[in-house]
Amino acid sequence: MSPVILAIETSCDETAAAVFKQGKVVTNIVATQSVHKNYGGVVPEMASRAHLQNIVPVVNDALAGSNTNPEDLNAVAFTQGPGLLGALMVGASFAKGMALAYDIPLIGVHHMKAHVLAHFIDEPMPEFPFLCLTVSGGHTQILRVEDPLTMEIMGQTCDDAVGEAYDKTGKILGLPYPGGPLLDEYAQKGNPDKFPFPQTNMPNFDFSFSGIKTAVLYFVRDQIKANPQFIDEHLFDLCAGIQKALVGMLMQKLKEAVAHTGIKRVAIAGGVAANSALRVALNDEVGKSEWEVFIPEFQYCTDNAAMVARAAAFYYDAGIFVNQDAVPMARFPF
Ligand code: KG4
Ligand code: ZN
């Protein structure tokens, strides 16, 4: 019998709940916190407070939207980490309360594994094994995925995540937080070769994105000395140059990982999976190098509880549960 699972995600600045029922995700509710907009980034304490305010209505919507009574639940799942500790604790405590009240098991889900397992919410689903480039505001990893429960990190960033690089360079250019989506939009109107930025090549399958932030900062600072309007006059070309360097670095390592493993099934996950240039570059490899590419629907790329629910259903089937003493962890081991 397919389980009925309520899943809760509170790792960063989205309060989200989803219900898995009859073998699929049936509701996916996300409340995006707007309180951080004025601060140029997520303010952890404000995130925790907003989760506390949002969690009851979000869970109620997820249950009502799927015609689920709490008594019908077979398990309750929560994101155990990685993420902001105070934010994770809201979801974890809420899930524990539900599990106690309804006498059902608890499932602790790894946020990054859930991003990967978002590929199993809807068709087309990748066959195993496949490679997954997981790109978000907090992570940049290349994973080798053997099955829903077995994934290995082949490479990862040594400093900033690629989403962070988008947001920080966007901030230098005066874009509002998060800069990624707007930088992507402007880049499509610019010339990517007018202002070339360096692409760091790390050993093995690792990445480094902190250098481009400094390169953009110094370049812009020097240009502004001669022309205070420099950013305004060249915004689209600057965005295009940054986008070319960032996507170039991602694609370089992904191609090396494909060559090394011989696995041509390539998936992407996380907020930066929405990026237009990354999608074009991946689709180019379909024709050029016979890759099979998997890009989830946008609502399942950014943080959501549907992916946590899908992951939890795999854990439920495998009998993997946690106890009431489970603690959320900001750095949750993979
Ligand atoms: O996965 P996500 O929603 O949250 C985290 O777990 O971090 O990813 C958010 C990140 C932000 O850095 C945002 O700027 C970036 O994804 N992002 C984009 C685009 N859409 C979102 N970056 C580049 N191009 C986009 N179109
Ligand atoms: Zn995420």
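I started at Glu-290, which sits in the loop between helix 8 and strand 10 (292-294). I keep in mind that this is a predicted model. Phi of Glu-290 comes out near 60 degrees, a positive value in a residue other than glycine. I noted that most residues other than glycine have a negative phi. Is Glu-290 buried or exposed? I get 62% relative accessibility for Glu-290, so I put it down as exposed, the cut-off being over 50%.

I then looked up Asp-103, in the loop between helix 2 and strand 5 (106-110). Phi is near 55 degrees there, again positive in a residue that is not glycine. Asp-103 is exposed too, with a relative accessible area of 72%.

**Cis peptide bonds**

I checked omega next. The bond from Glu-123 to Pro-124 is cis, with omega near -10 degrees. Pro-124 belongs to the loop between helix 3 and strand 6 (130-135). Tyr-177 and Pro-178 are also joined by a cis peptide bond, omega about -10 degrees. I placed Pro-178 in the loop between helix 4 and helix 5. For context, I wrote down that most peptide bonds are trans.

**Zinc site**

Which protein atoms hold the zinc ion (ligand 2) as donors? I find His-111 (NE2), His-115 (NE2) and Asp-303 (OD), at 2.0 to 2.2 Å from the zinc ion. Along the chain their spacing reads H-x3-H-x187-D. His-111 and His-115 share helix 3 (residues 111-117), four residues apart, or about one turn of the helix. I have both of these histidines down as buried.

The ideal angle for four tetrahedral donors is 109.5 degrees.

**Ligand 1**

I count 20 residues around ligand 1, and the ones that come nearest are Gly-137, Asp-167, Asp-184, Gly-271 and Asn-275. A backbone N or O atom of Gly-137 is 2.7 Å from an oxygen atom of ligand 1. For Gly-138, I read 3.5 Å from a backbone N or O atom to an oxygen atom of the ligand. On the side-chain side, an N or O atom of Asp-184 lies 2.9 Å from a nitrogen atom of ligand 1. How much of ligand 1 does the protein bury? Alone, ligand 1 exposes 550 Å², and the protein buries 89% of that. Helix 3, helix 4 (162-172) and helix 5 (179-187) are the elements that give two or more residues to the shell. I sorted the shell into six nonpolar, 11 polar and three charged residues.

**Asn-275**

I followed up on Asn-275, which is in the loop between strand 9 (265-269) and helix 8 (276-289). Its relative accessible area is 5%, so I call Asn-275 buried. The Asn-275 side chain makes a 2.8 Å polar contact with the side chain of Gln-243. A polar atom of the Asn-275 side chain also lies 3.0 Å from the backbone nitrogen of Leu-278.

I found Phe-209 in the loop between helix 5 and helix 6 (210-226). Phe-209 has 0% relative accessibility, so it counts as buried. Ala-95, in helix 2 (residues 85-102), is buried with a relative accessible area of 0%. I get 9.9 Å between the C-alpha atoms of Ala-95 and Pro-105, which are 10 residues apart along the chain.

Definitions and conventions. Residues are numbered from 1 along each chain as its sequence is written. Chains are lettered from A and ligands numbered from 1 in the order in which they are written. This is a predicted model: local features need pLDDT of at least 70, side-chain atom pairs count only at pLDDT 80 or more; totals for chains, interfaces and linings use all residues. Side-chain values use heavy atoms; hydrogens and water are left out. Donors are N, O and S atoms within 2.8 Å of the metal (3.2 Å for Na, K and Ca); water is not among the atoms, so sites may look incomplete. Buried means under 20% relative accessible area, exposed over 50%, partly exposed in between (1.4 Å probe, protein chains only). A residue is near a molecule or strand if one of its heavy atoms lies within 4 Å of it. A polar contact is a pair of N or O atoms within 3.5 Å; within protein, one must be able to donate a hydrogen and the other to accept it, and residues adjacent in sequence count only if both atoms are side-chain atoms. Accessible areas come from the Shrake-Rupley method with a 1.4 Å probe; for residues, only the protein chains shown count as cover. Ala, Val, Leu, Ile, Met, Phe, Trp, Tyr, Cys and Pro count as nonpolar, Asp, Glu, Lys and Arg as charged, and the others, Gly among them, as polar.
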